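Dear colleague,

I am passing on the structure that follows, together with notes on what was found in it. Please keep it open while you read.

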Amino acid sequence: MSNHLDRRRLMTTALGGAAAVGLGAGAGLLGAAPAGAAERPVTPHHGHGDFPDVPGMLGDRRANELWYMFDETTLYNVAPELEQAFTDIETALGDGWERAIFDAWMAMAATSDYPNNFIEYVTPIKGPLKVLSKAQLGVFDTYYRPHGHGIVGAFADFAQGVLNDPRRERPVHTMNGNPPPGYHIWFIFMRSMMLLDISRHRWERMAPINAMAWAIQTIAKPSQFEVKEPLPRRVVAREAAKWLPRSVHRLDRDFLSYPLPEGMS
């Protein structure tokens, strides 16, 4: 795990992502996922209209726009309030703060004092986490209805590497690294927000989707530079059924396995 993680692939996954979904039957939540490698027609989101045409784009149009705007919001055109939140987190946790919070959680979550020890650790960054949560939830809510199922498909596509967006130098929207450290960091920030009662219920619903994406990417091994063929639908459905019903307490145990889910290679 590098000392400095790519913020695009960390904050664009872990601190945001909150369109809540029901956590019932796994495969039934997939909706249109997984996306194929060919373009699909846009289904306008209530109140948001169509998206601009992007020649060469592949994969689900809405999912591409979601991840593109996540990058815009958290990396390329960061609002002053959010930039200050990043600065405040670094001030509180120190240089290499992504690695610092990872190491802290991995150590603390394995002890009998958890979660109280971790709550104490992250309490100094509660203010910045509120800013991050609001910014990233805002992006998700722009493209997917809260409590809808579409966000599951967007994460399945992201994890498979089937979203090709020519607007980026690295055109495939996916987590960097195989295996990628970002899903762990994302989960740790989700848990931080839950434990600090920052949009707790939404993060509780989001955490299993993040875990599902971790497992799917472990299987798919996507590239950021070349779009992949989607995994067989049965494989994605199997991982959804396995991960989406899990509680955050079960996921605490699951994410102690690093870098891959237990039993996967």
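Which handedness, left-handed or right-handed, does the crossing of H9 and H10 have? In this predicted model, the crossing of H9 and H10 is right-handed, where right-handed means that the near helix is turned clockwise from the far one by less than a right angle, and left-handed that it is turned anticlockwise.

Before the details, some conventions. Residues are numbered from 1 along each chain as its sequence is written. Because this is a predicted model, local features need a pLDDT of at least 70 and side-chain atom pairs count only at pLDDT 80 or more, while totals for chains, interfaces and linings use all residues, and side-chain values use heavy atoms, with hydrogens and water left out.

On confidence, the protein averages a pLDDT (the predictor's confidence in each residue, from 0 to 100) of 84, and 82% of the residues score at least 70. Over residues 1–48, however, pLDDT stays under 50, although the model has 189 contacts beyond four places in sequence for them; contact here means heavy atoms within 4.5 Å. Where pLDDT is low, the predicted coordinates should not be read in detail.

To return to the helices (DSSP runs of H or I with at least four residues, numbered from the N terminus), two packed helices are described by the angle between their axes and the distance between the axes. The axes of H9 and H10 (residues 233–243) come within 9 Å and cross at roughly 145 degrees, the axes being lines fitted to C-alpha atoms over the stretch in contact, with angles from 0 to 180 degrees between N-to-C directions. Among the residues that meet are Met 212, Trp 214 and Ile 219 in H9, and Val 235, Arg 238 and Trp 243 in H10. Val 235, Val 236, Ala 237, Glu 239, Ala 240 and Trp 243 of H10 are buried, that is, under 20% relative accessible area, with exposed being over 50% and partly exposed in between (1.4 Å probe, protein chains only). The buried residues of H10 pack against H7 (150–160), H9 and H11 (248–254).

Two buried polar side chains may interest you. Gln 217, in H9, counts as buried because its relative accessibility is 0%, and its side chain makes a polar contact of 2.8 Å with that of Tyr 183; a polar contact is a pair of N or O atoms within 3.5 Å, one able to donate a hydrogen and the other to accept it, and residues adjacent in sequence count only if both atoms are side-chain atoms. His 173, in the loop between H7 and H8 (182–195), has a relative accessible area of 0% and is therefore buried, and a polar contact of 2.9 Å joins its side chain to that of Asp 165.

Finally, some backbone points. Asn 178 and Pro 179 are joined by a cis peptide bond with omega of about 10 degrees, and the bond from Tyr 258 to Pro 259 is also cis, with omega near 5 degrees. Asp 197, in the loop between H8 and H9, has a positive phi near 60 degrees and is exposed at 55% relative accessibility.
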